[in-house]
Amino acid sequence: MTRVIYNKKVDENYYLLKVEESKKVSPGQFFMLRAWENYPTLSRPISIFNEDEGLEFLYQVIGRGTEMLRSLKAGDDIKIFGPYGRGFDLPDSDLAMVGGGVGVAPFYYLTRKIKEKNPKSKITFYIGEDENLCLENLFKNLDIDLRVKKGGFITDLIDFKNHKLIYTCGPNIMMEKVYECGKNHGSEIFVSLDLRMGCGLGACLSCSVDTKNGRKRSCKEGPVFRGGDIYE
């Protein structure tokens, strides 16, 4: 059990939740969050947005569980379990990141850790979002090349021929399109899957996914996979 530091609205149906917990965490890992006793039955898997004198989570209100998270106030109790999963590696080369909607969440902390490792790293971040959103405001304090597409297909904006390494997170249809376009230009693509997770421990198998190497658990062997393992 830990306590909420703040839970603030950052955009339409998007909130940034910070809790009084400090743990060693890798970019792309997630936690299971729970602010209730019996119902809903399952905790909610939320990717780490940032770690800085507490843990921050960016979440979108889309169902009963996240509705209950939205009601939390500073000082309220919350249970968090984790970190879980295999996150993103910190590359030595330049990097393009592609986030769609709440899929932007892992890329703030990832950018911070890459810049700590190599301040001269060049990072291009493509954000695809609905016309009424401004999630890019969360990233404007970072030293990155920020490019935003409101509505339509984010792949129309991406300069694939100049990106040899691409990390992406968001809707599956978006990530598959990023993979197909990137593959055609010889890019190496890594995807972070957003699947329904029951336990986060690999026991319930609810987040299993077909890969070219057989069935894998998104919460254990992922959520980050090579794009070719998922889409070929």
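Predicted model: local features only at pLDDT ≥ 70, side-chain atom pairs only at ≥ 80, totals over all residues.
Residues are numbered from 1 along each chain as its sequence is written, and side-chain values use heavy atoms, with hydrogens and water left out.

The largest nonpolar core comprises 27 residues, and Phe107, Leu110, Phe125, Phe139 and Tyr167 have the most contacts inside it. A nonpolar core is here a set of buried Ala, Val, Leu, Ile, Met, Phe, Trp, Tyr and Cys residues joined through side-chain atoms within 4.5 Å; buried denotes under 20% relative accessible area, exposed over 50%, and partly exposed in between (1.4 Å probe, protein chains only). Two or more residues each are contributed to this core by β2 (14–19), β7, α2 (106–117), β8 (123–129) and β10. Of the elements, α2 gives the most, with 4 residues. Helices (H or I, at least four residues) and strands (E, at least two) are DSSP runs, numbered from the N terminus. Leucine 110 touches Pro27, Phe88, Asp89, Leu90, Leu95, Met97 and Tyr167, residues up to four places away in sequence not being counted; contact is defined by heavy atoms within 4.5 Å. Apart from this core lies another, of 20 residues, which includes Val4, Tyr15, Leu33 and Tyr59.

Helix α3 spans residues 172–184. Its 13 residues reach 18 Å from the first C-alpha to the last, close to the 18 Å expected at 1.5 Å a residue, where the expected span is 1.5 Å times one less than the number of residues. Met174, Met175, Val178, Tyr179, Cys181 and Gly182 are the buried residues of α3, and they pack against β7 (95–100), β10 (165–169), β11 (188–192) and α4 (227–231). Methionine 174 has a relative accessible area of 11% and is therefore classed as buried. Leaving aside neighbours within four places in sequence, methionine 174 is in contact with Val98, Gly99, Gly100, Ile154, Thr168 and Cys169. After α3 comes glycine 186, with a positive phi near 75 degrees.

The second largest pocket has a volume of about 170 Å³. On a 1 Å grid over the protein atoms alone, a pocket is an open set of points where a 1.4 Å probe fits, with protein on both sides within 12 Å along at least five of seven lines, and lining residues have an atom within 4 Å of a point. Grid points are joined across faces, edges and corners, and a volume is the space filled by probe spheres set on the points. The lining consists of Ser93, Asp94, Leu95, Lys122, Thr124, Arg147, Asp159, Asn162, His163, Lys164 and Leu165. These residues divide into 2 nonpolar, 4 polar and 5 charged.

Two peptide bonds are described as cis. The bond from glycine 82 to proline 83 has omega near 5 degrees, and proline 83 lies in strand β6 (residues 77–84). The bond from glycine 222 to proline 223 has omega near 15 degrees, with proline 223 placed in the loop between β13 (214–217) and β14 (224–226). Asparagine 13, although not a glycine, has a positive phi of about 65 degrees. Asparagine 13 lies in the loop between β1 (2–11) and β2 and counts as partly exposed, at 31% relative accessibility. Leucine 205 likewise has a positive phi, near 65 degrees, and is found in the loop between β11 and β12 (208–211).

Conventions:
Nonpolar A, V, L, I, M, F, W, Y, C, P; charged D, E, K, R; others polar.
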